[in-house]
Amino acid sequence: MRRMSVFPQHGTALGNLGLTANEIRQETENNTSELISDLVNLSARARFQAIRSLPMPFNEKKAIRNRVNSVKLSKTILAADCRQQVSRSFRRFRASLASARQHLIIWQDTLKGIGSRFGTSVLSYFLFLKWLLKFNLFSLIVNFCFITIPQIVHEPNISSITGFRGLELLTGVGYFNQTVLFYGGYNGEVIVSKPTYNMQLAYFFTIAAYLVLCGVSLLYSMSRSFQKNFVLETGPVSGGAWRLLCSWDFSVVNEKAIQYNKNNLAIQLKESLSERLQEKNQMSLSDRIKRLSLHLLAWLLSLGLAVGSGAGIYFLGTNQELAFSSNHDPSDLGAEASTLLLPVVVSLINLIVPLLYSLISKIESYSNPRAMIYISIVRNVILKMSILGILCFYWLDSVPEKTSCWESFVGQSVYRLLIIDFIFCLLGIFFGEFLRNVIGTMCIQTLGVPEFDIARNVLDLIYAQTLAWIGIYFSPLLPVMQVLKLFIIFYLKKISLSMNCQPPKHTGRAAQIQTVFIALLFFPSFVGALSMVAFTVWSLKPSDQCGPFQGLDTPFHTIFSWTDSLPEYHWVGWIFENILRSELFYYLISLIVLVITYFLWQITQGRKQLIKTLREQIVNEGKDKAFLLNKLKNLQKERREMASYRSQDYDQTPYFNPNWMNTLPLDM
């Protein structure tokens, strides 16, 4: 490129060459055109550098840049410029999509506000609620698209229906009895279309696919959460150094919340110091026996309450609901309202017995608050799962023998439990948080502001989600109620948290708490619900008068009927007969899972050993540094002492004696 072609060479004036003004102007224009053509062929970066280095005024550089741009726009766009523009457009489009996605994420700003005011421990509850909402939204969309819409479009399975009276919203019977809300509103006919739509297969595979996806998602989330958040510790994580340096929640920006966190941190430091003092003070044998006896008595009382609650619920259910199911009159509102007795009793037990567990924990007087929290969680889980276990046994053992359309009856029972649990949740927000705050701030100020009980609220969510998973087979549209319930609870809890509650004082690390919640949701919640649905599908005979599987020995036999209808040597039938029904296949799968589990366990053990070695190395390096610092300090001290000793004993300053002549001998 001739970068200087627009100027005369070697300082020679064009006028001295015998050229006229027009010829000079023409020559200058030609040189400028050549310069512009050379600049056009350069890349954007090189062109920018070339124009910038031209020895001319800024206005002329600007004029040349404008001419270059106009020439580039008038010509055909080169491939490099085209790629740059396409890349730039894609980057802008991606940025706009990311911005739109941030706006579309539900409750994004609300969750940030909760985290900034109350910390990550309280935020973990709302994140868990949002996570459950995604599960139920997915279930609602899948069931509604693949089960409900084909049934509604084809022909609703409704033989007789009563008028709507309002009580159905609580009981689920009456008007809702044979709607698509429950199992009895579906039939197993093949919808004639192109292609044909088998309602039995759609019902079976939709429920099975949803449960499998839930299980995979729970396993993946639990493993990721454990990998990221659950710190492998050789000792307790509640040491003073960890509390001071690592436990502060920097997402909190609200002044009042910051003061709460300071107070809670002071309490936790005191508790940590008291724990260390208790570890140093060895208990006598008699004190240990007394404490062990107290813990054993507390556990016996807790288990006794759980067993007694389960037995009472079983006998109440067998005497109350079955009587209504066999001899009920659709117009009898009193008999219909009596079905609410069992869910009300269950909700009262879930409300009162945890309070008794709290009193038992206070009597035990645990020295470690975290241990008290986790023991309380375990006891409440045992209570809720024992209640659900008794109810499932009652539904699968007694109900199929005495009820004609027993699947719809089970679905209505689960529906009532969900509705009454939601009502008690609303009452708990009002009486347990609002009135408690009013009493603690205006009447009895020593009570103070109530704490937001994360463990209790999360266990309530797990209980409700377990009911939703149990009822998904008996009521395909039950996720509708769960979605509405979670939406309402989110906003009511947010308002109550802002107005009535303070963050809890005794909490573990928020990341570890969230991991524990997901683990509890998987086991025993999801595993128990999956076991009940699997037992229903594989072992129980479906109703002969309602539902998509009427006339079959078990709902699983619809797979046999489908494979028998396939052409011979069809790949689906071959896979089902030779792989899925083969014991060897499941043996190999179990063996592979065990081998992978063993390798992962070995990797975990190796990482634990590596962490232990690194910690020992850190401790040894600290000791080495302390030793070197002490040696350096002693060496400096010795040098200072030697320097001061020499300055006192060996003063080398020249001394002049003015009477030096008197020291000479007299004979001189």
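Good morning. A residue is called partly exposed when its relative accessible area lies between the buried class, under 20%, and the exposed class, over 50%. With 36% relative accessibility, Arg 456 therefore counts as partly exposed. Please bear in mind throughout that the model before you is predicted.

Let me begin with the chain as a whole. The chain has 668 residues, of which 36% count as buried. Its secondary structure comes to 22 helices and two strands. Among the contacts with a separation of 6 or more, 77% are between residues 24 or more positions apart. The chain exposes about 39,800 Å², and carbon and sulfur atoms supply 64% of that area.

I turn now to charged pairs. Side chains of opposite charge can pair when their charged atoms come close. The structure holds seven salt bridges. One of them joins Asp 460 to Lys 384, with the closest N and O atoms 3.5 Å apart. This pair links distant parts of the chain, since Asp 460 lies in helix H17 (residues 454–470) and Lys 384 in helix H14 (residues 369–397), 76 residues apart. Are the two partners buried or exposed? Asp 460 has 23% relative accessibility, so this residue counts as partly exposed. Lys 384, by contrast, is buried, because its relative accessible area is 4%.

Arg 456, with which I opened, forms a salt bridge with Asp 453, the closest N and O atoms being 3.8 Å apart. Asp 453 is partly exposed as well, at 35% relative accessibility. Lys 384, Asp 453, Arg 456 and Asp 460 are linked in a network of salt bridges.

A further salt bridge pairs Asp 544 with Lys 541, their closest N and O atoms lying 3.9 Å apart. Asp 544 counts as exposed because its relative accessibility is 52%, while Lys 541 is partly exposed at 43%.

Asn 350 belongs to helix H13 (residues 341–364). Leaving aside residues up to four places away in sequence, Asn 350 touches Leu 383, Lys 384, Ile 387 and Tyr 463. Its relative accessible area is 11%, so Asn 350 is buried.

Next, the cysteines. How many disulfides does the structure hold? There is one, formed by Cys 405 and Cys 546, whose sulfur atoms are 1.8 Å apart. The link is right-handed, with 100° about the S-S bond. The pair joins distant parts of the chain, 141 residues apart: Cys 405 sits in the loop between helix H15 (399–402) and helix H16 (406–443), and Cys 546 in the loop between helix H19 (510–539) and helix H20 (557–565). Both Cys 405 and Cys 546 are buried. Two further cysteines may be mentioned: Cys 214 is buried, with a relative accessible area of 1%, and Cys 425 counts as buried at 18%.

Finally, two helices. Helix H1 (residues 21–40) has 20 residues; at 1.5 Å a residue, H1 should span 28 Å, and this agrees with the 28 Å between its end C-alpha atoms. The buried residues of H1 are Asn 31, Thr 32, Leu 35, Ile 36, Leu 39 and Val 40.

Helix H22 (residues 583–649) contains Tyr 587. Tyr 587 is exposed, because its relative accessible area is 51%. Together with Leu 584, Leu 588, Leu 591, Val 595, Tyr 598, Phe 599 and Trp 601, Tyr 587 makes a nonpolar surface patch of about 860 Å². Thank you for your attention.

Conventions:
Residues are numbered from 1 along each chain as its sequence is written. This is a predicted model: local features need pLDDT of at least 70, side-chain atom pairs count only at pLDDT 80 or more; totals for chains, interfaces and linings use all residues. Side-chain values use heavy atoms; hydrogens and water are left out. Helices (H or I, at least four residues) and strands (E, at least two) are DSSP runs, numbered from the N terminus. Buried means under 20% relative accessible area, exposed over 50%, partly exposed in between (1.4 Å probe, protein chains only). Contact means heavy atoms within 4.5 Å. A disulfide is a pair of cysteine sulfur atoms within 2.5 Å. The expected span of a helix is 1.5 Å times one less than its number of residues. Patches are made of residues with over 30% relative accessible area and no salt bridge: like charges are joined within 9 Å, nonpolar side chains (Val, Leu, Ile, Met, Phe, Trp, Tyr) within 5 Å. Accessible areas come from the Shrake-Rupley method with a 1.4 Å probe; for residues, only the protein chains shown count as cover. A salt bridge is a side-chain nitrogen of Lys or Arg within 4 Å of a carboxyl oxygen of Asp or Glu.
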